[in-house]
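Please open the structure in your viewer and keep the sequence beside it, so that each stop can be selected in turn.

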Amino acid sequence: MAHIIESNLTDVGSLAFEADDPDGPVPAGVDLPRIERAVREILTAVGEDPDREGLLQTPARVARMYAELFSGLRQDPRIHLQRCFMEKYDEVVLVRDISFESMCEHHLLPFMGRAHIGYLPDGRVVGLSKLARVVEIVARRPQVQERMTETIANLLEVELDAKGVAVVVEATHTCMTVRGVRKPGSMCVTSAMKGVFRSNLSSRAEVMSLIYGDRR
Ligand code: ZN
């Protein structure tokens, strides 16, 4: 079956604004004044004075920060997977150590780490940097690490029509290091396996050894 490869999605809401510049362009689709009011409320609720000098610009700064940290809500990662090239390459393609920062949806605290993506193409191959773009967009949403891992794997499986997809995400969660159980250095590892990497143990072992290499 011939694949029709074209892009009909638009890259909405890409953020070319400087998060700390109060005069910079306003990101589309984000109600900054509403966030500012909410941040003032939080400051007041914890017993602070939002009108003292050091806090005057804080609500505006936090509003723009959230617009940046959640910019992935207004972007469609699929556009980066639609420009494929046809290639008779039938070995695993792997990109390791894609760094990312995301936000835990339970505490609105950052978790950050690295994603490793491997796939076994079935004719359709994407530029390697596109995999990093997908991680970046998916990361910039409120979520849990498990869903982030699954979302990336599903995107690749569907959009690339790959024979297999393996996604491993390793991250530290600040909601576990700065509060609650306070376990600095703890690492959360999640994985999502699709296609042959799910059904075939030796294929899975191969991709996992590529991901972990000599670090195991
Ligand atoms: Zn959390």
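**First stop: helix H7**

Select helix H7 (residues 201–212), whose 12 residues should span 16 Å at 1.5 Å a residue, and its end C-alpha atoms do lie 16 Å apart, which agrees; the expected span is 1.5 Å times one less than the number of residues. Helices (H or I, at least four residues) and strands (E, at least two) are DSSP runs, numbered from the N terminus. The model is predicted, so local features need pLDDT of at least 70 and side-chain atom pairs count only at pLDDT 80 or more, while totals for chains, interfaces and linings use all residues. Residues are numbered from 1 along each chain as its sequence is written, and side-chain values use heavy atoms, with hydrogens and water left out.

Within H7, colour Ser203, Val207, Met208, Ile211 and Tyr212, which are buried, a word that stands for under 20% relative accessible area, with exposed meaning over 50% and partly exposed in between (1.4 Å probe, protein chains only). Seen down the axis of H7, the buried residues fall within an arc of 155 degrees, so they line one face of the helix; the arc is that of the directions from the helix axis to the C-beta atoms. These buried residues of H7 pack against E2, E3, strand E6 (164–173), E7 and helix H6 (196–199), where contact means heavy atoms within 4.5 Å. Just after H7, Gly213 takes a positive phi of about 45 degrees.

**Second stop: the sheet**

Now display the strands of the open sheet, five in number, which follow the order E5-E2-E3-E6-E7 with mixed pairing; two strands pair if DSSP finds at least two bridges between them. Strand E5 (142–143) and strand E7 (188–195) stand at the edges with a single partner strand each, so one side of each is left without a neighbour in the sheet.

Select strand E2 (residues 93–104), which pairs with E5 in the parallel sense over two bridges and with E3 in the antiparallel sense over 10 bridges. E2 and E3 form a hairpin with four residues between them, and Leu108 in the turn has a positive phi of about 55 degrees. Moving on, E3 and E6 run antiparallel and are joined by 10 bridges, with Ile117 opposite Val167 in E6.

Beyond its neighbours within four places in sequence, Glu170 is in contact with residues including Phe100, Gln145 and Tyr212.

Finally, select Asp76 in the loop between helix H2 (58–69) and strand E1 (85–86), which counts as buried at 17% relative accessibility. The side chain of Asp76 makes a polar contact of 2.7 Å with the side chain of Arg78.

Terms used: Polar contact = N/O pair within 3.5 Å; in protein donor to acceptor, adjacent residues only side chain to side chain.
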